[in-house]
Amino acid sequence: MLKLVLYFLKLFIILFVLITVLWVLLYKVVNPPVTLLMIERGFERKHDGKDWKIDKDWVNFDQIAYPMKQAAIAGEDQKFLDHFGFDFKAMERAIDKNANSRKLIGGSTISQQTAKNVFLWPGRSYVRKGFEAYFTLLIETFWSKKRIMEVYLNEIEMGDGIYGVEAASQTYFHKPASQLTRHQAAAIASIFPSPLKWSATTPSNYLRHRQYLIMKNMRRLGPLDF
């Protein structure tokens, strides 16, 4: 009986690894059409009496203004081009701050956020964190940093029913993502942590300060080598 259980467990693990690796390889060349978060948000809108809305227009990496890529890294993950998916010092800082604060602070890298947004369901649990780490390793192994950034900026939630930098740029500034200025890119990046509460065009004092810090970090980063 034990041998049979171990056999099926081994078979399950092999199939899981095979399917997930093929899934990641597929999205290396095929743009993800929709995410579970988008579907969940759509049902939440319907529940609130609103129309179903997924405002998303995919743009290639070269069609995204350089300041937007710079602002994303400056605001979310300044070691993005150097690490292999995880910034352990940022995680330690987040754990220390969360231990002494009611407001939770994230320590996820852009790679982790991409893995979570594209392959997993919304929510917080140790199980999901485990899968997030697994998919982070996969995309860091099989995708380039350029592809990770491209997918990240096209899939991330940027407002109520708004996903990706092109839809955000058109909504907030009425222009394509290729024409975003440094100031506008920093404004969009400043709302990444809480896009349903914050707006890039009507910022609070706190959000203005975030935008200032992002622009300051953009100057510190210097040229990005993808």
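Predicted model: local features only at pLDDT ≥ 70, side-chain atom pairs only at ≥ 80, totals over all residues.
Residues are numbered from 1 along each chain as its sequence is written. Local features need pLDDT of at least 70, side-chain atom pairs count only at pLDDT 80 or more, and totals for chains, interfaces and linings use all residues, while side-chain values use heavy atoms, without hydrogens and water.

**Exercise 1.** Classify the pair formed by Phe43 and Trp52, and state the exposure of each residue.

*Solution.* 
1. Rings of Phe, Tyr and Trp (its six-membered ring) pair if their centres lie within 6.5 Å; planes under 30 degrees apart are stacked, over 60 edge-to-face, and the rest tilted.
2. This rule gives 16 aromatic pairs.
3. For Phe43 and Trp52, the centres are 5.2 Å apart and the planes stand at 85°, so the pair is edge-to-face.
4. Relative accessible area under 20% means buried, over 50% exposed, and in between partly exposed (1.4 Å probe, protein chains only).
5. Phe43, at 54%, is therefore exposed, whereas Trp52, at 41%, is partly exposed.

**Exercise 2.** Describe the interface of domain 1 and domain 2.

*Solution.* 
1. An automatic or database domain assignment divides the chain into domain 1 (1–30) and domain 2 (31–221).
2. Their C-alpha centres lie 29 Å apart.
3. Contact (heavy atoms within 4.5 Å) involves 11 residues from domain 1 and 13 residues from domain 2.
4. The buried area, meaning accessible area (1.4 Å probe) that two parts lose on being put together, summed over both, is about 1100 Å², with 73% of it on carbon and sulfur atoms.
5. Within domain 1, Val24, Tyr27 and Lys28 lose the most area to domain 2, together 50% of what that side buries.
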